[in-house]
Amino acid sequence: SFEAVVSTQSTGDCSAYSWYVYGRFDSCGEGSACLAALTVFKYDVVGGVRQSTAMYEIKRGFAINMNGNMVGVPEGTSADIQGTTVSFDGILMRADLGGAVVEWDGLGFARIKVSVGAR
């Protein structure tokens, strides 16, 4: 039998609250959980009001889910995905959120790079 477990882990900008990334984990064997997708949220402040400018999910296998529409970024290219730059070098997909860069290997490894001193 296969028991599905869904849980999330999040990280984000704790100063300007301009981005958040949620990791979704699924059961991938008895007692094991694997990273299945990353959900990216990016916000801009316009006139003192925080407005959502991007929300999409990067799924296993490098598919990008934007409001139910699946898109991809071909190897060696980059694309503007809702105001964020998403690139794919054949190994890692990268999403540049302006204050952070999310790297995802499409299988189970993700890293979020921020500048020194970021909170």
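The following legends describe close-up views of a predicted model.

**View 1**
A pair of aromatic rings is described by the distance of the centres and the angle of the planes. A search of the whole structure finds three aromatic pairs. Y22 is partly exposed, with a relative accessible area of 32%. F41, at 18% relative accessibility, counts as buried.

**View 1. A tilted aromatic pair, F62 and F88.**
The ring centres of F62 and F88 are 4.4 Å apart and the planes stand at 45°, so this pair is tilted. Distant parts of the chain are again linked: F62 is in the loop between β4 (49–59) and β5 (64–66), while F88 is in strand β8 (residues 84–88), 26 residues apart. Are F62 and F88 buried or exposed? Both residues are buried.

**View 2. A charge over a ring, R50 and Y43.**
The ring of Y43 has the charged end of R50 over it. The distance from this charged end to the ring centre is 4.1 Å.

**View 3. A salt bridge between E57 and K59.**
Side chains of opposite charge can pair when their charged atoms come close. A search of the whole structure finds eight salt bridges. One of these joins E57 to K59, with 3.4 Å between the closest N and O atoms. E57 is buried, having a relative accessible area of 14%. K59 is partly exposed, and its relative accessible area is 24%.

**View 4. A network of salt bridges that includes D89 and E103.**
Which residues are linked in a network of salt bridges? The network consists of D89, R94, E103, R111 and K113. Within it, D89 forms a salt bridge with R94, and their closest N and O atoms are 2.9 Å apart. D89 counts as partly exposed at 41% relative accessibility, and R94 also counts as partly exposed, at 25%. R111 forms a salt bridge with E103, for which the closest N and O atoms are 2.7 Å apart. R111 is partly exposed at 38% relative accessibility, whereas E103 is buried, with a relative accessible area of 1%.

**View 5. The largest nonpolar core, with Y56 among its members.**
In soluble globular proteins, nonpolar side chains tend to be buried together. The largest nonpolar core of this model has 21 residues. Those that touch the most other members are Y56, I58, I64, V86, M93, A95 and L97. Several strands contribute to this core: β2, β3, β4, β5, β8, β9 (93–96) and β10 (100–104) each supply at least two residues. Apart from its neighbours within four places in sequence, Y56 is in contact with L38, T39, V40, I64, N65, M66, I81, Q82, T84, V86, A95 and L97.

K42 is found in strand β3. Is this lysine, K42, buried or exposed? K42 is buried, because its relative accessible area is 12% and buried means under 20%. Leaving out residues up to four places away in sequence, K42 touches S18, W19, Q51, S52, T53, A54, T84, L97 and G98.

**View 6. The disulfide between C28 and C34.**
A search of the whole structure finds one disulfide. This link joins C28 to C34, with an S to S distance of 1.9 Å. What is the handedness of the link between C28 and C34? The link is right-handed, with 70° about the S-S bond. C28 counts as partly exposed at 36% relative accessibility. C34 is partly exposed, with a relative accessible area of 24%. Another cysteine, C14, is partly exposed, and its relative accessible area is 44%.

Terms used
Residues numbered from 1 in each chain as written. Predicted model: local features only at pLDDT ≥ 70, side-chain atom pairs only at ≥ 80, totals over all residues. Heavy atoms only, no water. Phe/Tyr/Trp six-rings, centres within 6.5 Å; stacked < 30°, edge-to-face > 60°. Buried < 20%, exposed > 50% of the residue type's maximum accessible area, 1.4 Å probe, protein only. Helix = DSSP H or I, 4+ residues; strand = E, 2+ residues; numbered from the N terminus. Lys NZ or Arg CZ within 6 Å of the ring centre and 35° of its normal. Salt bridge = Lys/Arg side-chain N within 4 Å of Asp/Glu carboxyl O. Core = buried A, V, L, I, M, F, W, Y, C linked by side-chain atoms within 4.5 Å. Contact = heavy atoms within 4.5 Å. Disulfide = S-S within 2.5 Å.
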